[in-house]
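Hi everyone, thanks for making the time today. Have a look at the sequence and the structure on the screen, and I'll walk you through them.

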Amino acid sequence: MAYYEGLHQADSTQLRRVFHPQLAYVCATNGDELYLKFETNMRRVEGREPPVRRGDPREEEILEIAFVSDRLARVSARMAMRRRDFHDLLPLVRQGAE
């Protein structure tokens, strides 16, 4: 999946193919909240040492896909990377469908 590969390689070009440019990155863990606009988040990804370069293992799993309509779904996914375990909630919108 391009999403996981882009994160593992810290490749914003790959992530740009996956995300809408109006993306808002929201993180709420350990009492902290972080809200980033798309370009701010891409610069953050670009500034990381790619986990693949450090030899960090990568493990991912799609936990659930919930379809709300023919154009909208939500994905619950988990990824272990950078010695941490991440749980993502990703909205999916099919564009161009009528």
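Let me start with strands β3, residues 59-67, and β4, residues 72-81: they pair in the antiparallel sense over 8 bridges. Two strands count as paired here if DSSP finds at least two bridges between them, and the elements themselves are DSSP runs, numbered from the N terminus, with helices as H or I of at least four residues and strands as E of at least two. β3 and β4 form a hairpin, with 4 residues between them. Within this pairing, Phe67 stands opposite Ala73 in β4.

A quick word on the source: this is a predicted model, where local features need pLDDT of at least 70 and side-chain atom pairs count only at pLDDT 80 or more, while totals for chains, interfaces and linings use all residues. Residues are numbered from 1 along each chain as its sequence is written, and side-chain values use heavy atoms, with hydrogens and water left out.

Now to the aromatics. A pair of rings is described by the distance of the centres and the angle of the planes. Rings of Phe, Tyr and Trp (its six-membered ring) pair if their centres lie within 6.5 Å, and planes under 30 degrees apart count as stacked, over 60 as edge-to-face and the rest as tilted. How many aromatic pairs does a search of the whole structure find? The search gives 2. For Tyr3 and Tyr4, the ring centres are 5.4 Å apart and the planes are at 50°, so this pair is tilted. Tyr3 also pairs with Phe19, this time edge-to-face, at 5.6 Å centre to centre and 90° between the planes. Tyr3 sits in helix α1 (residues 2-8) and Phe19 in the loop between α2 (12-18) and β1 (24-29), so the pair ties together parts that are 16 residues apart in sequence. Tyr3, Tyr4 and Phe19 make up one aromatic cluster.

Taking contact as heavy atoms within 4.5 Å, and not counting residues up to four places away in sequence, Met79 touches several residues, including Tyr4, Leu7 and Phe86.

Over in helix α2 we find Ser12, which is buried at 7% relative accessibility. Not counting residues up to four places away in sequence, Ser12 touches Met42, Val45 and Glu46. Gln14 is in helix α2 too, and at 16% relative accessibility Gln14 is buried.

Terms used. Buried < 20%, exposed > 50% of the residue type's maximum accessible area, 1.4 Å probe, protein only.
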